[in-house]
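Here are my notes on the model you passed along. Have a look at the fold first, then go through the points in order.

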Amino acid sequence: MPDANGKQRILVVGAGPVGALAALYAARRGDNVAVYELRDDLRNPSTTPLNFTKSINLALSERGINSMRHAKCEGLLEAVLEKSIPMHGRMIHGRSKDGELYEEPQLYDARGRYIQAVDRAMLNKLLLDYLEQMRNVTLHFNHKLTGADFNKNAAWFEQRVVPRKDHAQNPTGNASTQPNKDRPEEITVDFDFMIGADGAHSAARFHMMKFARLAYQQEYIDTLWCEFHINPRSSDSSFAISPDHLHIWPGGSFMFIAIPSVDKSFTCTLFAPESYFAALAPLSPEKFVSSFSENFPGVCPELISPQDLRQQFTENPHLPLLSIKCTPYHYRSSVVIIGDAAHAMVPFYGQGMNAGLEDVRVLFDFLDSHDVYSDYPKLATSPSERREGALNAYTIQRTPDAAAINDLALRNYQEMSAGVKSPLYRMRKWLEESVSLYLPSLGWSTQYSRVSFENQRYSEVEKAVARQGKMIVTAISLASVGLAGLTAFGLLRRSGLSRLRKLLEI
């Protein structure tokens with residue numbers, strides 16, 4: 001039941017970027033919002049990220065930007081973009097046949113649109129800072145969701161007490177004062193509506209599966225990833241390579257990428273099959289560097305010293321890539337899962353966070369259109385009935401969209417690791433961009449532009465690109481038939497003229 005003032009009690013599980021944005025959307029609509037997070041305050045430098053990496057840079061594109069724009073938090077989007085770096089395209093690195101290193105820029109978009117390199121921790125901090133300023137929002141860290149009853153709308157959390165020596169509210173870092181130190185204190189939280197945004201290994205999804213008939217598919221692909229770091233130039237502390245691009249060293253079945261950071265360093269990632277990591281591990285330092293240099297020319301020693309390269313490979317974790325699909329995303333009017341909790345995807349389209357932020361916008365669009373926040377609803381139904389209708393509509397629309405971008409992300413690995421060097425890929429990209437520029441009335445656009453610079457539904461992007469592909473094949477086929485016809489006509493004409501000359505000579 002709503003509180004005494006008639007406001008919904010919204011429980012958000014997960015305080016990452018997606019959960020924090022969902023809390024902002026709800027709070028801006030007047031709901032009383034409680035955010036519960038498993039980890040310590042994500043703004044603390046000592047808090048260990050879920051993937052155990054020191055830092056992570058993300059690609060922020062139109063869908064994520066548009067979702068923050070619709071949060072209607074003054075200054076939020078401007079603050080995010082101010083601390084982001086525009087990436088206008090890919091920079092493909094390689095070695096020519098004569099042994100020379102080369103760089104080949106490939107613009108993302110013929111109209112000059114670009115994506116933003118953004119630090120996840122910075123984005124998360126800004127969102128949490130905005131939430132902390134709102135009177136109808138409470139933040140609860142170090143709380144583990146241990147159970148939920150979605151018929152009675154109650155959740156249970158274990159409250160972990162963790163010393164926080166770096167925090168002003170606990171300068172001494174006192175140990176736990178719980179009466180039973182073997183088991184953390186458990187609390188009960190009542191709610192009207194839970195939003196589960198707690199990542200790929202979601203506790204909210206796990207407990208929702210006990211109530212909803214949820215179809216679930218999980219896949220680990222045969223690719224691991226490891227993070228590396230390129231420091232700024234020692235001479236003048238400038239960027240070691242162009243900051244205007246996402247840098248790619250394609251290697252066929254593996255690749256190395258680098259994304260710029262505001263401190264003028266680059267966060268890099270090696271993506272490769274598990275067998276490649278296993279083959280690198282036992283190599284001597286010389287052979288290790290030689291193998292890396294052969295597959296990713298120009299990285300070592302030009303950008304990362306041999307010692308740092310080996311140290312980072314050894315010390316940084318080699319992590320798996322997970323793809324998740326499930327449906328439905330909700331149970332009755334009580335709970336909905338969003339972001340990676342609903343559709344974790346591999347990172348090869350840079351859409352994981354963007355899709356999660358877009359989930360928030362789409363979800364609240366449905367809640368608004370179903371009069372969940374209206375004082376004068378069109379239908380004489382209860383708020384929970386209207387909310388259930390909104391969640392059902394959300395699941396129906398968002399499930400095929402999430403499945404589409406999940407599949408597109410998987411397929412884009414081949415494009416990034418090998419296709420970017422293919423003449424056929426370049427020809428199709430040039431053809432599609434030319435049609436888009438010079439015949440705009442046709443509504444033609446590349447797949448990348450539709451995904452990264454527009455807000456068209458992912459499932460509609462997939463269909464539109466498939467239609468464009470068929471049209472290209474048809475055009476090429478007709479051109480080939482026409483060329484063959486002209487060639488045949490020319491041969492016949494030449495043959496006919498030759499016969500005529502022979503007759504005249506007789």
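1. Start with the handedness: α1 passes α4 in a left-handed crossing. A crossing is called left-handed if the near helix is turned anticlockwise from the far one by less than a right angle, and right-handed if clockwise. For orientation, α1 covers residues 17-28 and α4 residues 120-132; helices (H or I, at least four residues) and strands (E, at least two) are DSSP runs, numbered from the N terminus. This is a predicted model, where local features need pLDDT of at least 70 and side-chain atom pairs count only at pLDDT 80 or more, while totals for chains, interfaces and linings use all residues. Residues are numbered from 1 along each chain as its sequence is written, and side-chain values use heavy atoms, with hydrogens and water left out.

2. How do the two axes sit? The axes of α1 and α4 come within 9 Å and cross at roughly 25°, which makes α1 roughly parallel to α4. Axes here are lines fitted to C-alpha atoms, for helices over the stretch in contact, and angles run from 0 to 180 degrees between N-to-C directions. Angles under 35 degrees count as roughly parallel, over 145 as roughly antiparallel, 65 to 115 as roughly perpendicular and the rest as oblique.

3. On the α1 side, Pro-17, Ala-20, Leu-21, Ala-23 and Leu-24 meet a set in α4 made up of Arg-120, Leu-123, Asn-124, Leu-127, Leu-128, Tyr-130 and Leu-131. Contact means heavy atoms within 4.5 Å. By class, this contact has ten nonpolar, one polar and one charged residues. The classes: Ala, Val, Leu, Ile, Met, Phe, Trp, Tyr, Cys and Pro are nonpolar, Asp, Glu, Lys and Arg are charged, and the others, Gly among them, are polar.

4. Now α1 against α10 (residues 352-369): the axes come within 8 Å and cross at roughly 25°, so α1 is roughly parallel to α10. Here the crossing is right-handed. Pro-17, Val-18, Leu-21, Ala-22, Tyr-25 and Ala-26 in α1 touch Gly-356, Leu-357, Val-360, Arg-361 and Phe-364 in α10. The class tally for α1 with α10 is nine nonpolar, one polar and one charged. Pro-17 and Leu-21 of α1 turn up in the α4 contact and in the α10 contact.

5. Next, α7 and α8. Their axes come within 10 Å and cross at roughly 90°, and the two helices are therefore roughly perpendicular to each other. From α7, Pro-285, Phe-288, Val-289 and Phe-292 meet Pro-306, Leu-309, Arg-310 and Phe-313 of α8. That contact has seven nonpolar, no polar and one charged residues.

6. A few backbone items to check. In the loop between α7 (285-295) and α8 (306-315) you'll find Pro-301, and the peptide bond from Cys-300 to Pro-301 is cis, with omega near 10°. Thr-327 and Pro-328 are also joined by a cis peptide bond, omega about 0°; Pro-328 is in the loop between β17 (319-327) and β18 (330-331). Lys-264 is not a glycine, yet has a positive phi of about 75°, and lies in the loop between β15 (255-260) and β16 (266-272).

7. Last, which helix gives the largest share of the lining of the largest cavity? That is α12 (residues 423-438), with three residues. By class, the lining has one nonpolar, four polar and five charged residues, including Asp-109, Arg-111, Glu-432 and Ser-449.

Notes: 1 Å grid on protein atoms, 1.4 Å probe; cavity = no way out; pocket = protein on both sides within 12 Å on 5 of 7 lines; lining within 4 Å.
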